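Please keep the structure in view while reading, and find each residue as it is named.

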Amino acid sequence: MANESDYKKANEFLINALGLNKEMSYKDVRKKIYAYLKKQYGGKVSSAKIKAHTDDFTESICLELNINQD
């Protein structure tokens with residue numbers, strides 16, 4: 001099971017790899033994360049699992065970057 005440090009590393013990776021920043025909207029961040037996860041894991045895991053992880057990462061990263069969910 002992943003620990004808090006693993007989640008922080010995953011968030012940092014996504015922020016850097018996808019160029020996520022506080023100037024982006026919540027929807028833009030979610031779209032980028034979903035596209036990345038779909039490309040990496042599509043066909044390997046269910047679409048529902050990709051969406052669930054996208055939602056989790058988006059919420060966590062947006063909180064970290066102080067992006068409002070609107």
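Which helices each supply at least two residues of the lining of the largest pocket? In this predicted model, helix H1 (4-18), helix H2 (26-41) and helix H3 (47-65) each do so.

**The largest pocket**

- The largest pocket has a volume of about 180 Å³, and the largest share of its lining, four residues, comes from H3.
- The residues that line the largest pocket are Ala 10, Phe 13, Leu 14, Tyr 36, Leu 37, Tyr 41, Val 45, Lys 49, Ile 50, His 53 and Phe 57.
- When these lining residues are sorted by class, nine are nonpolar, one is polar and one is charged.

**H1 and H3**

- Two packed helices are described by the angle between their axes and the distance between the axes.
- For H1 and H3, the packing angle is about 80° and the axes are 10 Å apart, which means that H1 is roughly perpendicular to H3.
- On the H1 side the contact is made by Ala 10, Asn 11, Leu 14 and Ile 15, while H3 contributes Phe 57, Ser 60, Ile 61, Glu 64 and Leu 65.
- By class, this contact of H1 with H3 has six nonpolar, two polar and one charged residues.

**H2 and H3**

- The axes of H2 and H3 cross at roughly 140° and come within 9 Å, so H2 is oblique to H3.
- The crossing of H2 and H3 is right-handed.
- From H2, the residues Tyr 26, Val 29, Arg 30, Ile 33, Tyr 34, Leu 37, Lys 38 and Tyr 41 take part in the contact, and they meet Ser 47, Ile 50, Lys 51, His 53, Thr 54, Asp 55, Phe 57, Thr 58, Glu 59, Ile 61 and Cys 62 in H3.
- Sorted by class, the contact of H2 with H3 has 10 nonpolar, four polar and five charged residues.

**H1 and H2**

- The axes of H1 and H2 come within 11 Å and cross at roughly 100°, and these two helices are therefore roughly perpendicular to each other.
- Phe 13, Leu 14 and Leu 18 of H1 make this contact with Lys 32, Ile 33 and Tyr 36 of H2.
- By class, the contact of H1 with H2 has five nonpolar residues, no polar residues and one charged residue.

Note on methods:
Residues numbered from 1 in each chain as written. Predicted model: local features only at pLDDT ≥ 70, side-chain atom pairs only at ≥ 80, totals over all residues. Heavy atoms only, no water. 1 Å grid on protein atoms, 1.4 Å probe; cavity = no way out; pocket = protein on both sides within 12 Å on 5 of 7 lines; lining within 4 Å. Points joined across faces, edges and corners; volume = space filled by probe spheres on them. Nonpolar A, V, L, I, M, F, W, Y, C, P; charged D, E, K, R; others polar. Axes fitted to C-alpha atoms, helices over the stretch in contact; angles between N-to-C directions. Parallel < 35°, antiparallel > 145°, perpendicular 65-115°, else oblique. Contact = heavy atoms within 4.5 Å. Left-handed = near helix turned anticlockwise from the far one by under 90°.
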